[in-house]
Each structure stands twice: as C-alpha cells, then as structure tokens.
Amino acid sequence: MVIAAVVLAAVEVPAAQADGPTVGSDGCRGSMLSVTVCAVDGGGSSGLSGSSGGKPAAAAPAASGGDSKPTDKCSYDLVEPPPPAGHQAWKGHDPGDGGVYKVQCDSGRGGVVFVPDGQGGQAAPTIDPEIVARKAAASMRLDGPKVASPRAAGTYVVGMPMWMWATPSPTTFGPATASATAGGVTVTATAKVTTVRWAMGDGTTVTCHGPGTPYRKSQEVTSSPDCGHLYERPSSEQPGGRYRGTATATATWTVTWAAPALNDGGTFTETRATEFTADVHEVQVVN
C-alpha cells in the first residue's frame, strides 16, 4: 500500500512576499505553484506539518504510467486554463466535478490525471490556509517606518542622547486587515508592527517595541524612555560625512490569520525597511 503526504501551495504568492518554498517535516518540498507528493510504504496514515500545526494528508491520485516507487516524488500542477468539457483528460467527468492536474515525477513518470472534488474516492489536494493568508497579506499595503528622527536636515552630537521615533499610520504600523479565498477556504489576516530594528550605521542596532517617543525641548538632555541611541564617533569619516546606507529602520509586521471553517490559525512575519541618514559632529570645547 502506498501512503502519500501532500504539501499544497496552490496560490501564487509574489516572490518578494513569500518565505520561500514550503517544506514538510519529511523533507518534501513544493513551489508556490505546485503540489509535491512524497510516496512512502506503510499501512498507517501520514500527516503534514507546517507552521500552523499538523494537518491530515489527502490521498494522492496516481498518474498514468504505473504505481509510484517508494521514494518517488511527484509534482501536481493544476492545468490552467482547464481542458474544454468532453476532453479525454476529464475521464468522462464534468469540469465542475474536480480538476485536471499535470503530473511529473522524479522517476520520469508523467501524465495528466483527473482529481475529483469532495471526499469520495481519492480526495483532491487540500488548500493550505497559511498560503491563502499570505495572499491576503500580499494585498495589504505594509510599508517601512516613516522615520521622523533622525531628521535628514538635523545635526547631532557625539555623546548626546539621540531620540529615534517614527510617525505611526495604518500603512506603517497597522493594524491592517484583509481576506482571501481559494478552493472554498476563506482566511482573514491582520497585520501590525511588533518591533522596529534600528541599524544606526555605526555598527550598532537598537530594537524598539513601538514607534518611539517624540522629543520635546522641555525634556532637556535626557535619554529616550523607549527608543534611543548615543553615538560615540562622529560621522565625518563616513561617505558624504553622514551615517547612511547601512542606517535603516526595519519594521517587523506580525500577521495573525484565522480560517474559521477549518478551525485553524497561526502567525507569520513580514519585514519592511526604510533608510535614514544621521549627521553627527563632535563638540569643540574652547578654553
């Protein structure tokens, strides 16, 4: 008997937004456009693990050309656009009964197979709700921090506390919400910034759990209560006389998603960065 673990990535995700190919706990790998089936011998059932927890594996349809070898790996790609009704690939079924998949295996086997919808017989590969959630996140506008300080026109002093902060907005700190549907599965995702990592350009980094506190002149020379830095060297030796290039504020967006119909949910992260510059001088003391 052949049991197959199915990893589905049936929803296209822009490369800039995706974490890469999905990988199951058994080492099976799939692209964002394909289903990877790893066949193994045994009489028990095999599960699918991912960041959102284990999911039961769907039975894998067999491609024309013989049974799978125990270590054979096959990719199932939905044929788009589908063949016209009455085409032999439908095996006598109507287009509304399921889908036609193109199969290619590592052993060289290949062909076209009809996979019916529903639970009867061999089930169609199931939709991974996290992939749908990533599609929802891709539809949101998630920007990098809008840096208010350090100001590009500002001048700062070695040894004096610098206050860093960003101006929050729905597109730079959230929350932002969107939904996406695939294969009858609807997923709602909500994104908000949880941390901002400031790379100061001098080789140091500061992680802040919020946009930071704006400085007021009445606060005199004090350190920021939640997001600050103290430069120990001037920027005069840097290109252009400023800390720049490696000076970035990177927001980590945490996306929380839920698929109520599947009683499933989870989280993943996206990052967005904004460059800034800092003109830092030494104070010349005259006796």
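Predicted model: local features only at pLDDT ≥ 70, side-chain atom pairs only at ≥ 80, totals over all residues.
Cysteine 208 is a buried residue, its relative accessible area being 1%. A disulfide is a covalent bond that links the sulfur atoms of two cysteines. The structure contains 1 disulfide. Cysteine 208 belongs to strand S16 (residues 205-208), whereas cysteine 227 is found in the loop between S16 and strand S17 (228-230); the pair therefore ties together parts that are 19 residues apart in sequence. The torsion about the S-S bond is about 85°, and the disulfide is therefore right-handed. Cysteine 227 also counts as buried, with a relative accessibility of 1%, because anything under 20% falls into that class.

The structure holds 3 aromatic pairs, and one of them is formed by tryptophan 163 and tyrosine 215. Their ring centres are 5.2 Å apart and their planes stand at 75°, an edge-to-face arrangement. Tryptophan 163 lies in strand S12 (residues 161-163) and tyrosine 215 in the loop between S16 and S17, so this pair ties together parts that are 52 residues apart in sequence. Is each partner buried or partly exposed? Tryptophan 163 is buried, at a relative accessible area of 6%, while tyrosine 215 is partly exposed, at 33%.

Charged side chains form a further set of contacts, and the structure holds 3 salt bridges. One of them joins glutamate 130 to arginine 134, with the closest N and O atoms 3.0 Å apart. Both residues lie in helix H1 (residues 129-138), where 4 residues, about one turn of the helix, separate glutamate 130 from arginine 134. Glutamate 130 and arginine 134 are both buried. Arginine 134 has a ring contact as well: its charged end sits over the ring of phenylalanine 268, 4.1 Å from the ring centre.

Another salt bridge brings together the side chains of aspartate 143 and arginine 141, at 2.7 Å from N to O. Here aspartate 143 is partly exposed, with 23% relative accessibility, and arginine 141 is exposed, with a relative accessible area of 57%. The side chains of glutamate 270 and arginine 272 also meet in a salt bridge, at 3.6 Å from N to O; both of these residues are buried.

Terms used
Residues numbered from 1 in each chain as written. Heavy atoms only, no water. Disulfide = S-S within 2.5 Å. Helix = DSSP H or I, 4+ residues; strand = E, 2+ residues; numbered from the N terminus. Buried < 20%, exposed > 50% of the residue type's maximum accessible area, 1.4 Å probe, protein only. Phe/Tyr/Trp six-rings, centres within 6.5 Å; stacked < 30°, edge-to-face > 60°. Lys NZ or Arg CZ within 6 Å of the ring centre and 35° of its normal. Salt bridge = Lys/Arg side-chain N within 4 Å of Asp/Glu carboxyl O.
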